[in-house]
Every structure is written in structure tokens, then in C-alpha cells.
Amino acid sequence: MSFDFLDITSYNLLLLVVALPLLGATLIGLITQDTRSARTVAIGTSVLTFIVSVAIAVQFDVSNPSIQLVQVLPWISSIGATFSLGVDGISLVLVLLTTLITPLVLISSWDVSDRPRGYLAAFLALEATVLGVFLATDLLAFYVFFEASLIPMYMIIGIWGGANRRYAAVKFFLYTLFGGLLMLVAILSLYALTATSGAGSFAYSSVLALDIPVETQRWLFLAFFVAFAVKVPIFPVHTWLPDAHTEAPTGGSVFLAAILLKMGGFGLLRYCLPLFPEATQEFVPWILALSVIGVLYGAVVALVQKDIKKLIAYSSVSHMGFVVLGTFALNATATSAAVVQMVNHGLSTGALFLLIGFLYERRHTRMIADFGGLAKSVPVMAGLWLLVSMSSLALPGLNGFVGEFPILLGTYQAAPWAGVLSAFGAVLAALYLLWAYQRMFHGPLLTDDNRNTPDLHAREIGVLAPLVVLIVAIGVFPKPLFDTVEPSVARVLSEAGVAAAPAAVGDTAQSE
């Protein structure tokens with residue numbers, strides 16, 4: 001195979017989209033104390049990375065369910081490990097989400113004054129590792145990217161976070177590291193199994209072809225599942241998330257909610273379901289139960305929060321519970337919607353954390369009780385906050401509905417009890433989001449601080465605009481998004497031994 005890196009073909013676009021952020025981070029490290037140049041390099045690199053991801057989407061054949069545009073490079077030949085990348089419909093939408101969110105985070109962080117070069121470089125390194133997770137088709141490469149993402153996120157929380165940043169950063173690191181180590185043991189076990197029938201291999205296709213005894217599947221499934229459950233996070237291994245969100249800087253909270261949690265949902269679909277089909281079927285009732293508990297628990301705890309950032313953090317526990325619920329409903333309706341809902345959650349919750357950050361910069365408080373009547377002084381912020389909240393609570397016509405409703409529908413078809421109970425999570429979401437909005441933005445203006453709070457300026461509106469446009473566009477016309485993910489979801493369900501329903505979820509969601 002010839003590797004001419006000056007010839008940007010459809011195959012090395014995948015390599016380029018991972019390498020560009022790393023190149024940008026390296027350039028920032030070489031710039032001497034020039035903050036403005038560092039910002040220009042960081043934002044320019046992230047925008048260019050987004051353009052490359054759009055080029056990947058143009059090259060991608062949405063009707064083909066297979067992993068496409070595969071790029072394989074030699075890596076550790078002695079153990080059969082390769083640096084291989086590939087994209088399917090599931091990973092494509094998450095790659096696009098990642099490359100969209102990153103420049104918005106960097107632009108929103110323009111005023112960061114504490115070691116800004118390190119801050120910008122950390123985000124670019126984080127983007128590169130997350131893109132590697134979504135694109136890797138070698139299990140060892142996947143593991144390296146999965147664990148490497150801990151380092152820049154640990155730095156972002158631990159260096160640029162709040163008063164308890166070190167505690168939150170260490171807790172985040174230890175939880176995820178423990179899950180990752182269990183997954184490493186499982187990956188090495190799979191490598192040993194491939195070696196029994198020939199040369200050992202970490203290639204996803206080789207592992208997928210294994211005929212693994214059910215007893216072995218159970219243990220391997222649990223090892224992978226714990227790693228991804230922590231990352232989602234699923235109840236009861238969720239406790240690191242509220243601390244991390246509360247202490248992280250605004251950009252860190254946005255990236256954590258919009259992108260990092262999706263690594264767990266992606267891992268469940270890419271690895272747990274197809275690699276361990278019999279074990280998946282056995283554990284489905286237990287995982288559905290944990291998902292329902294997470295949906296309801298996250299919503300109830302969000303309802304009593306006094307800190308608006310912690311409220312949205314617990315709402316993420318609830319909303320990601322819907323994603324896991326749809327994934328393990330194991331039908332085309334719910335599982336396709338689970339992927340769509342990962343994108344929707346990234347857009348709506350990412351926008352909410354941006355708004356919280358913009359308000360905190362003005363008032364230096366996140367306590368809901370400190371606000372009141374803000375709609376009179378910040379009408380633009382109030383309007384956008386209400387729109388994004390409506391998206392998060394799944395109002396028809398906005399993106400949250402076209403993900404959440406098919407999840408509930410498909411889950412009810414697979415397990416009526418889980419569908420009915422989780423529907424109460426949607427009701428509770430309306431309560432905690434609208435009650436918080438009412439207390440913060442309505443009522444009389446009682447303090448000078450609230451009365452004199454300035455509204456959003458042009459840069460902040462520009463950062464939120466792409467998210468708001470997508471929130472409305474997906475809500476009105478979700479078919480392109482469903483058309484992209486459905487063939488790959490059908491392939492995953494087939495590999496998991498489940499016959500996918502023939503109905504087109506995108507058409508169903510649109511007609512609703």
C-alpha cells in the first residue's frame with residue numbers, strides 16, 4: 001500500500017482529521033508567549049478540522065452500512081497492532097458533532113487569561129483523542145485514544161476549574177481509569193482468542209469474527225460495559241459527573257457534556273452489542289432497569305438543585321439514561337434514536353452550559369436564588385435559554401423530541417415497563433427546567449446586580465447561533481440524520497443477533 005500524505009484522498013482524510021488538532025496543539029506549544037497568535041492557531045486549526053470532517057461526510061455513502069474510508073497504517077507489527085481508522089454512520093455524526101463543538105468552545109473561551117496557550121492546546125489535544133476513539137478500528141488503538149483523552153480533560157478541570165477542581169479532576173480520572181483498565185484486560189483476552197486460530201490481532205474485524213463461548217462473553221461484556229458505563233455515565237457510577245461539571249471551566253463543561261459522554265454511548269454500540277451478542281441478550285433486563293433508574297434519579301435530583309450548573313449536570317445523567325435505554329431496547333426504532341439523541345443532547349446541553357458560563361461571567365454566581373426577573377435586563381439571553389430548555393425537555397418541533405419520542409416508543413415495544421417508567425423522566429425534565437427558568441428570568445427585578453446585567457454580545461450570539469439553528473433544523477427535518485445512522489445501526493443489531501425492523505425511523509419521527 002502506498003501512503004502519499006500530500007495526496008489528500010478520501011482515505012487519508014480520516015488520518016488528517018485526527019492529526020490536525022495535534023498539529024495545532026504542537027504549534028501552540030512552539031509559540032513564545034504570544035496569546036493572540038495561539039488563539040488564532042487554535043481556532044483556525046479547529047475550523048479546518050471541521051471542514052475536513054465535512055469532506056469526510058461528503059465522501060461517505062449513507063446507504064452503505066459498512067465501516068468506510070478505512071485507513072490502515074503499520075504500528076506495532078510484532079503483536080499485530082495497526083493504526084487503522086474507519087467511519088460508519090454512527091461514528092460520522094459524532095465526528096461532525098465533535099468538530100463543530102470544538103471551535104465554538106475555543107471562540108467562547110476567548111477571554112481566558114490564565115495560561116491561555118496551555119488551555120487552547122489542551123482542548124485541541126482532547127479533540128484529537130476523542131476523534132481517534134470514534135474512528136479507530138483497531139482495539140488497541142481505540143484503547144490508547146480512550147485513555148489518552150483523560151489527560152487533557154484532567155488538566156482542563158484540574159488547572160482551569162473552580163475551587164474544588166483538584167478533587168473533581170482526580171475523581172474523574174480515577175473513575176474512568178479504573179473502567180479503562182478493566183477494558184484493557186478484556187482487549188488482551190480477545191487478542192489471545194484471535195491468536196488461538198492464527199496470528200494474534202487487535203483488528204475489529206478479526207475480533208468480530210470470533211466465536212466466543214457464552215461464559216467467556218459474560219465476563220468480557222461486563223469489562224467493556226463498566227468502562228463505557230462510567231463514561232456515559234450510568235447509575236450508580238455517575239457520581240464523578242456532577243463534581244466534574246461544577247468545577248470545570250465553561251469550555252470544559254461544554255465539551256464534557258456534548259462530546260466526552262458520547263464516547264460511552266458509542267462504545268456500547270460499537271463493541272458491547274456486536275462483539276458479545278449472547279451476553280448482551282442476557283444482560284438486557286438489568287441494563288434497562290439501571291437506565292430507568294438513571295433517568296428518574298437524575299431528574300429527581302436535578303429538581304432540588306440550587307446551583308444551575310449542577311442542575312444541568314444531573315439532567316445529563318437523566319438524558320444519557322435515555323440513550324442507554326434506547327441502545328439496549330435492541331430494535332431499530334429505539335437504537336437509531338439513541339444515536340440521534342446523543343447528537344441532540346450534545347447540541348442542547350452544550351448550549352445550556354455556554355449560557356450558564358456567559359451568565360456566570362457577568363454575575364459570578366450560579367445560585368438560582370441569586371437571580372430573578374432577568375428577562376427584563378437580558379431579553380436575548382432569556383429567549384435563547386428558553387428555546388434551548390424546550391429542546392432539552394423534548395418539545396415537539398425541536399431536536400430533543402425526535403430523539404426522545406422514538407426511544408420511548410421503541411423501548412415500550414421491547415419492554416413496556418421500561419417505556420412507561422422512563423416516560424416520567426420526560427415529565428420531570430419539564431418541571432426542573434421550567435421551574436429553574438421561571439425563578440431566574442421571571443418575577444420582579446429586586447437587585448441592582450440583576451437590573452444591570454448586560455445582555456449577550458455579538459461574539460456570544462455567534463457561538464450559540466449554529467447550535468440553535470441545528471436544534472430547530474433537526475426538530476423540523478430529522479430525516480437526513482436518521483438516514484445516516486439507520487443503516488449502521490441495522491448492521492450492529494444484525495451482528496448482535498437482532499433482526500432490525502424494516503420501518504424507517506426517520507420517516508416515522510418526521511411524520512410525528
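N450 sits in helix 20, which covers residues 448-451. The model is predicted. N450 has a relative accessible area of 3%. Buried means under 20%, so N450 counts as buried.

What does N450 touch, leaving out residues up to four places away in sequence? The list is R363, D370, F371, G372, L374, S377 and L445.

Sequence separation and spatial distance can be set side by side for N450 and R491. The two are 41 residues apart in sequence. Their C-alpha atoms are 53 Å apart in space.

## The nonpolar core

The largest nonpolar core holds 175 residues. F224, F328 and W385 have the most contacts inside this core. Helix 15, residues 332-363, gives the most to the core, with 15 residues.

Which residues are in contact with F224, apart from its neighbours within four places in sequence? They are L139, M183, A186, I187, L190, Y271, C272 and F276.

## A nonpolar patch on the surface

Five names make up a nonpolar patch on the surface: I151, Y154, M155, V170 and L174. Together they have about 420 Å² of accessible area.

Where does the patch come from? Helix 6 (150-160) and helix 7 (165-195) each supply at least two of its residues. Helix 6 gives the largest share, three residues. L174 belongs to helix 7.

Conventions
Residues are numbered from 1 along each chain as its sequence is written. This is a predicted model: local features need pLDDT of at least 70, side-chain atom pairs count only at pLDDT 80 or more; totals for chains, interfaces and linings use all residues. Side-chain values use heavy atoms; hydrogens and water are left out. Patches are made of residues with over 30% relative accessible area and no salt bridge: like charges are joined within 9 Å, nonpolar side chains (Val, Leu, Ile, Met, Phe, Trp, Tyr) within 5 Å. Accessible areas come from the Shrake-Rupley method with a 1.4 Å probe; for residues, only the protein chains shown count as cover. A salt bridge is a side-chain nitrogen of Lys or Arg within 4 Å of a carboxyl oxygen of Asp or Glu. Helices (H or I, at least four residues) and strands (E, at least two) are DSSP runs, numbered from the N terminus. Buried means under 20% relative accessible area, exposed over 50%, partly exposed in between (1.4 Å probe, protein chains only). Contact means heavy atoms within 4.5 Å. A nonpolar core is a set of buried Ala, Val, Leu, Ile, Met, Phe, Trp, Tyr and Cys residues joined through side-chain atoms within 4.5 Å.
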